[in-house]
Amino acid sequence: MSEEVREKAEATSAMTTDALADEMVAQARIREMFAIVPGNQKVFMDTMEACRTPQTPERLDELMGTILATNRSVFAASELRSIMECHGALRYEPSEEERKFQERARVAAEAGEEEPVEIDADGYLVIRIPEPGKWALTGAAVSFLDGDPLGAYAEGLFAEDARYLGVYRRLLAMLSEAPRDRETISLAIDPLPELQIPRVYAGYFTGEMEKAGAVVWDDVWQITERGRRLLDQLTMVMEGK
């Protein structure tokens, strides 16, 4: 191998290693986002999935508003979007008109001048609102979603809570039959012998299944398609199939 080829190979390897390190850091920031704002996992996940196709601010407000209507979050859509942007999950892509406005403002500021204004024939100031840009996923967020984080969470949860697999199965089986309110679930789950020492309540299991994307709250607890798949997996494991 010539010296030139060897140097190029080393440079390429270094770039690949640096890119991998950057990707790991970026995904760690996204995971941190879920940890520092607990209870908003569904909002974050559904918003990121929606932004696989770039969304205008107005459309994203509508989508997030729909999600928040059945979520117990204390945050507004704009606050959660800001958190997602700060943690590298979303990025705002300005429209061409917005870029032109920004460039004019930059040039005027550097020249120490005021931005040019437009006056109509009657002498009134013309206010032009540029076409909005769109919110889109970052590359790190795409990789994060493609890695099936909810599936990984459920896998880790079931490994850690192996003694409670039967409880998770019972909960998901109940919800697969029909949506249930909290009282009905508590009456069925709380008396189970395995939950007496140490004392664990139904709310723990619904909360963990919600984090795993297996159930959702909409005035009652409901199972999702992911939850049905997890129920099938639990059944196969527990029945030795």
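**View 1. T47 is buried at 1% relative accessibility.** Buried means under 20% relative accessible area, exposed over 50%, and partly exposed in between (1.4 Å probe, protein chains only). The model is predicted: local features need pLDDT of at least 70, side-chain atom pairs count only at pLDDT 80 or more, and totals for chains, interfaces and linings use all residues. Residues are numbered from 1 along each chain as its sequence is written, and side-chain values use heavy atoms, with hydrogens and water left out.

T47 sits in helix α2, residues 41–50. Helices are DSSP runs (H or I, at least four residues), numbered from the N terminus. A polar atom of the T47 side chain lies 2.6 Å from the backbone oxygen of V43.

**View 2. Contacts of T47 beyond its sequence neighbours.** Neighbours within four places in sequence are set aside. The partners are then L60, M64, I67, M84 and L90. Contact means heavy atoms within 4.5 Å.

**View 3. E103 and R106 form a salt bridge.** A salt bridge is a side-chain nitrogen of Lys or Arg within 4 Å of a carboxyl oxygen of Asp or Glu. By this rule the count comes to 13 salt bridges. Between E103 and R106, the closest N and O atoms are 2.4 Å apart. Both residues belong to helix α5 (residues 96–110). They are three residues apart, so about one helical turn separates them. E103 is partly exposed, with a relative accessible area of 36%. R106 is also partly exposed, at 37%.

**View 4. R169 forms a salt bridge with E239.** The closest N and O atoms of R169 and E239 are 2.7 Å apart. R169 lies in helix α8 (residues 165–177), and E239 in the segment after α11 (225–238), so the pair ties together parts that are 70 residues apart in sequence. R169 is partly exposed, with a relative accessible area of 23%. E239 counts as partly exposed at 40% relative accessibility.

**View 5. R228 pairs with E225 in a salt bridge.** Here the closest N and O atoms are 3.9 Å apart. R228 and E225 are three residues apart in helix α11, so about one helical turn lies between them. R228 is partly exposed at 34% relative accessibility. E225 is exposed, with a relative accessible area of 53%.

**View 6. E49, R52 and D146 form one network.** Salt bridges that share partners join these residues.

Methods: Helix = DSSP H or I, 4+ residues; strand = E, 2+ residues; numbered from the N terminus. Polar contact = N/O pair within 3.5 Å; in protein donor to acceptor, adjacent residues only side chain to side chain.
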